[in-house]
Amino acid sequence: MYLDAQLLFSDAQAVTAAAGSDNTIDLTAVRDIGTGEPLYIVVVVDVAFTDGSSDSTLTVALEGDSTTTFTPDATRDLFTFAALSAAGTVRYSPLVPGGAPEQYRYIRLKYTPANGNLTTGSLTAFITRDIQKWAAYNDAITIS
């Protein structure tokens, strides 16, 4: 999987409370990101998420804004991690060319825990065009 440092939202960012990603991406030169070739947001759990009662969740959302203040102008929920998500857990979400919030100048990820407090956990998140989802399966052919 190809990883560009300019498309990195979080690099082993600790997340135990609501927070924006460490990095924002400025789309000054390219607005309709993902047009012409599919692009994906990838979020990887680096350190397993834990909490006292094992019922917390962590929602990851993409935010877009016309300024770096992030009020934000648009938000789209991507996915939710369950409590006790193991290290190595990976989630993917496609970018929508010209869609909100991808149409704004600045984009970032917003991490929001629910149902209790997370005590540990960290994420690495980025945009890439090559995701590692290949898997081998049995061919389901029976020869008699």
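Is Asp26 buried, partly exposed or exposed?

Analyst: Asp26 is partly exposed, with a relative accessible area of 39%; here buried means under 20% relative accessible area, exposed over 50%, and partly exposed in between (1.4 Å probe, protein chains only). A quick note on the source: this is a predicted model, where local features need pLDDT of at least 70 and side-chain atom pairs count only at pLDDT 80 or more, while totals for chains, interfaces and linings use all residues. Residues are numbered from 1 along each chain as its sequence is written, and side-chain values use heavy atoms, with hydrogens and water left out.

Now the partner: Asp26 forms a salt bridge with Arg105, with 3.0 Å between the closest N and O atoms (the rule is a side-chain nitrogen of Lys or Arg within 4 Å of a carboxyl oxygen of Asp or Glu). Asp26 sits in strand β3 and Arg105 in the loop between β7 and β8, 79 residues apart; strands (E, at least two residues) are DSSP runs, numbered from the N terminus. Arg105 is partly exposed too, at 29%.

Next up, Glu63 and Arg108 meet at 2.7 Å, N to O. Glu63 is in strand β5 and Arg108 in strand β8, so this pair ties together parts 45 residues apart in sequence. Glu63 is buried at 7%, and Arg108 is buried at 15%.

Then there's Arg76 with Glu102, at 2.4 Å, N to O. Arg76 belongs to strand β6 and Glu102 to the loop between β7 and β8, so parts 26 residues apart in sequence get tied together. Glu102 is buried, at 0%.

Finally, Glu37, Arg129 and Asp130 are linked in a salt-bridge network. The count comes to 5 salt bridges.

Technical notes:
Helix = DSSP H or I, 4+ residues; strand = E, 2+ residues; numbered from the N terminus.
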